[in-house]
Amino acid sequence: MAPIGVGSTLPDGQLAWFDESEQMQQVSIHSLAAGKKVILFGVPGAFTPTCSNQHVPGFITQAEELKAKGVDEILLVSVNDPFVMKAWAKTYPDNKHVKFLADGAAAYTKALGLELDLSEKGLGLRSRRFALLADDLKVTVANVEEGGQFTISGAEEILKAL
């Protein structure tokens, strides 16, 4: 399947996350994104160096500025189970706006066409690193990284596009 791109509609899909009461919830992407301006960004894995030290912190520290420019939701998706995502989220105590969503079986990542086979590195099927900006489910920016790069999918690049 071709990767999602500008002009595409975000596919719907069910992802798991822990709410503010630490209750696991199943949530549909369309319920979070319909009628809103959202950032959906994906990373290869929780607790991995680039994801943990650069990609996620960028969206957390820039969240207020992103919201001031009209972003309603900042959604992080990773091919990990919801308990791993919950533990990872807790490592960012200053986070107020980024939702950590688990795509345990990579079903949503596959629907986006952004799966990445990292089996040779012992990681199995994961997500490519990406950042999408969507307005009422329509993708307006699709910054998808090649290989292990981190050059176009950070918060700064999305801010430039707003």
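Reader: How do the residues of the lining of the second largest pocket divide into nonpolar, polar and charged?

Author: A word of care before the answer: this is a predicted model. The lining of the second largest pocket divides into 6 nonpolar, 5 polar and 3 charged residues. The space in that pocket is about 270 Å³, and of the 14 residues that line it, those closest to its centre are Pro 44, Leu 118, Lys 121, Arg 129 and Gly 148.

Reader: Which element gives the most to the lining of the second largest pocket?

Author: Helix H2 gives the most, with 3 residues, and both H2 and strand E6, which spans 115-118, supply at least two residues each.

Reader: What volume does the largest pocket have, and which residues are closest to its centre?

Author: The volume of the largest pocket is about 470 Å³. Its lining consists of 18 residues, of which Phe 18, Asp 19, Ala 89, Asn 95 and Val 98 are the closest to the centre. By class, this lining divides into 9 nonpolar, 2 polar and 7 charged residues. At least two lining residues come from each of E1, H4 and E5, and the largest share, 4 residues, is that of H4.

Reader: Let us turn to charged pairs. How many salt bridges does a search of the whole structure find?

Author: The general idea is that a salt bridge is read from the distance between a side-chain nitrogen of Lys or Arg and a carboxyl oxygen of Asp or Glu, which must be within 4 Å. In this structure the search finds 6 salt bridges. One of them joins the side chains of Glu 22 and Lys 86, with N and O 3.2 Å apart. Because Glu 22 lies in the loop between strands E1 (14-18) and E2 (24-28) while Lys 86 lies in helix H4 (residues 82-89), this pair ties together parts that are 64 residues apart in sequence.

Reader: Which residues are linked with Glu 22 in a network of salt bridges?

Author: The network links Glu 22 with Lys 86 and Lys 90. Glu 22 forms a salt bridge with Lys 90, and here too the closest N and O atoms are 3.2 Å apart. That pair links distant parts of the chain, since Lys 90 lies in the loop between H4 and strand E5 (98-102), 68 residues from Glu 22 in the loop between E1 and E2. As for accessibility, Glu 22 is partly exposed, with a relative accessible area of 40%, and Lys 86 is also partly exposed, at 24%.

Reader: Which residues touch the most other members of the largest nonpolar core?

Author: In soluble globular proteins, nonpolar side chains tend to be buried together. Here the largest nonpolar core has 26 residues, and those touching the most other members are Ile 39, Phe 41, Phe 59, Leu 66, Ile 74, Leu 76 and Trp 88. The elements that give two or more residues to this core include E3, helix H2 (49-61), E4 and helix H6 (155-161), and H2 gives the most, with 4 residues. Beyond its neighbours within four places in sequence, Trp 88 is in contact with several residues, including Val 43, Phe 47, Leu 76 and Phe 100. Apart from this core lies another, of 22 residues, with Trp 17, Ala 33, Val 38 and Leu 101 among them.

Reader: Which residues does Met 24 touch, not counting residues up to four places away in sequence?

Author: With that exclusion, Met 24 touches Ala 16, Trp 17, Phe 18, Pro 82 and Phe 83. Met 24 lies in strand E2 and counts as partly exposed, at 39% relative accessibility. Between Met 24 and Phe 83 the separation is 59 residues in sequence and 8.8 Å in space, from C-alpha to C-alpha.

Technical notes:
Residues are numbered from 1 along each chain as its sequence is written. This is a predicted model: local features need pLDDT of at least 70, side-chain atom pairs count only at pLDDT 80 or more; totals for chains, interfaces and linings use all residues. Side-chain values use heavy atoms; hydrogens and water are left out. Buried means under 20% relative accessible area, exposed over 50%, partly exposed in between (1.4 Å probe, protein chains only). A nonpolar core is a set of buried Ala, Val, Leu, Ile, Met, Phe, Trp, Tyr and Cys residues joined through side-chain atoms within 4.5 Å. Contact means heavy atoms within 4.5 Å. On a 1 Å grid over the protein atoms alone, a cavity is a set of points where a 1.4 Å probe fits but cannot get out, and a pocket is an open set with protein on both sides within 12 Å along at least five of seven lines; lining residues have an atom within 4 Å of a point. Grid points are joined across faces, edges and corners, and a volume is the space filled by probe spheres set on the points. Ala, Val, Leu, Ile, Met, Phe, Trp, Tyr, Cys and Pro count as nonpolar, Asp, Glu, Lys and Arg as charged, and the others, Gly among them, as polar.
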